[in-house]
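Q: I have a protein model open and would like to talk through it with you. Could we take it piece by piece?

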Amino acid sequence: MAVLKKQPAKVSLLLLFSLLPIPAAADLLSLAQTDTRLIAEGRVSGQNNPGTVLLETGVALHPALIAPQDLTPLLPGLRGRTVRAYGTSPPDRHGRLPVQIILSAAPERWWQAETVGAGLARVWTNDPPDAALTALLAQEDEARRHNRGHWSRPDWQPVCADTPDALHTGAFALIQGTIRRASLRQGTLWLDFGADWRTDTSATLPAPVLKALPKDRRQPAFWTGKTVEIRGWVQGGPRLDLTAAGQIRLLPAEMPPCRGQPLKN
């Protein structure tokens with residue numbers, strides 16, 4: 001099948017919270033297909049394991065850019081629907097194709113954008129930022145701002161980095177805070193949100209993630225004093241070990257680093 005002829009999207013490696021306009025529906029469809037190719041289409045017959053839907057042709061699809069714990073309970077809703085799947089990545093070790101799902105019934109919709117925009121799922125990526133991630137984060141921000149879906153739940157709210165006791169090992173979390181100290185240790189960038197790295201919240205960016213960043217952002221001096229949002233699974237410490245540049249983004253300095261309540265209109 002032919003590769004779609006689209007210009008590569010220019011996306012900053014770090015996404016500013018205040019610069020994420022909500023694309024129109026037609027633009028969302030275009031963004032879902034940017035720099036990808038049509039790799040499968042057909043009717044969804046069911047699931048064969050968590051995080052995967054099967055087409056009647058036997059092709060296994062893994063909807064990309066959705067946090068896995070949010071994705072699994074949503075997939076039964078795709079059964080019986082006719083979809084087109086766009087992607088670039090080869091199958092993962094489970095034989096699944098990571099894809100963007102387009103619902104073929106008129107009007108066509110990008111399933112991930114519809115789901116995130118309704119507040120039913122959070123965004124997750126193991127890749128560098130791209131146009132699709134930027135668009136989905138805009139949908140997530142809008143859903144959070146209007147308390148849609150699960151964003152009305154306290155456990156979905158971003159956690160303040162300066163409240164490490166609120167972070168629980170093994171839980172998926174969005175963490176917001178200002179970096180007090182940054183340092184390089186054996187090729188890994190450590191971001192510390194408190195005075196004592198042994199007990200306060202921290203994050204790590206290993207060498208492969210650093211190499212994906214612009215050169216000036218590989219240095220500790222860039223990060224000190226920056227207010228950021230990070231996302232991932234909490235490790236002991238507490239700590240987030242980031243595996244991709246798309247798991248951290250800059251927040252405006254004037255924005256409160258965390259919120260105890262959902263964003264209001």
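Q: Where is Pro-107 found?
A: In this predicted model, Pro-107 is found in the loop between strand 5 and strand 6, the latter covering residues 109–110.

Q: And what is the peptide bond from Ala-106 to Pro-107 like, cis or trans?
A: The bond from Ala-106 to Pro-107 is cis, and its omega is near -10 degrees. There is also a cis peptide bond from Gly-237 to Pro-238, with omega near 0 degrees, and Pro-238 has its place in the loop between strand 12 (227–235) and strand 13 (239–241).

Q: OK, backbone angles then. What is the phi of Asn-147?
A: Asn-147 has a positive phi of about 55 degrees although it is not a glycine, and it lies in the loop between helix 4 and strand 7 (159–160). Gln-186 also has a positive phi, of about 55 degrees, without being a glycine, and this residue is found in the loop between strand 9 (181–185) and strand 10 (188–192).

Q: Is Gln-186 buried or exposed?
A: Gln-186 is exposed, because its relative accessible area is 86% and the cut-off for exposed is over 50%. Asn-147, at 25% relative accessibility, counts as partly exposed.

Q: Switching to the strands: how do strand 1 and strand 2 pair?
A: Strand 1 (residues 37–49) pairs with strand 2 in the antiparallel sense, over three bridges, and Gly-46 has Leu-54 of strand 2 as its bridge partner. The hairpin of these strands has two residues between them, and in it Gly-51 takes a positive phi near 85 degrees.

Q: What about strand 2 and strand 3, how many bridges join them?
A: Two bridges join strand 2 to strand 3, and these strands run antiparallel. Leu-54 has Ala-60 of strand 3 as a bridge partner, while in the hairpin, which has four residues between the strands, Gly-58 takes a positive phi near 95 degrees.

Q: Which way do the residues of strand 2 point?
A: Thr-52 and Leu-54 point one way from strand 2 (residues 52–55), Val-53 and Leu-55 point the other way, and all of them are buried.

Q: Now Leu-61, which strand is that in?
A: Leu-61 is in strand 3 (residues 60–63). Leu-61 counts as buried because its relative accessibility is 0%, and, leaving out residues up to four places away in sequence, it touches several others, including Ala-40, Val-53, Leu-55, Ala-85 and Ile-101.

Q: How far apart are Leu-61 and Ile-101 in space?
A: They are 8.9 Å apart, C-alpha to C-alpha, although 40 residues apart in sequence.

Q: Which residues touch the most other members of the largest nonpolar core?
A: Leu-61, Ile-101 and Trp-110 do, in a core of 35 residues. Among the elements that give two or more residues to this core are helix 1 (25–33), strand 5 (97–103) and helix 4 (131–145). A second, separate core has 25 residues, including Ala-203, Leu-213, Ile-230 and Val-234.

Q: Last one: why does Thr-125 count as buried?
A: Thr-125 counts as buried because its relative accessibility is 5%, and the cut-off for buried is under 20%. Thr-125 is found in the loop between helix 3 and helix 4, where a polar atom of its side chain lies 3.0 Å from the backbone nitrogen of Asp-127.

Technical notes: Residues are numbered from 1 along each chain as its sequence is written. This is a predicted model: local features need pLDDT of at least 70, side-chain atom pairs count only at pLDDT 80 or more; totals for chains, interfaces and linings use all residues. Side-chain values use heavy atoms; hydrogens and water are left out. Buried means under 20% relative accessible area, exposed over 50%, partly exposed in between (1.4 Å probe, protein chains only). Contact means heavy atoms within 4.5 Å. Two strands pair if DSSP finds at least two bridges between them. A nonpolar core is a set of buried Ala, Val, Leu, Ile, Met, Phe, Trp, Tyr and Cys residues joined through side-chain atoms within 4.5 Å. A polar contact is a pair of N or O atoms within 3.5 Å; within protein, one must be able to donate a hydrogen and the other to accept it, and residues adjacent in sequence count only if both atoms are side-chain atoms.
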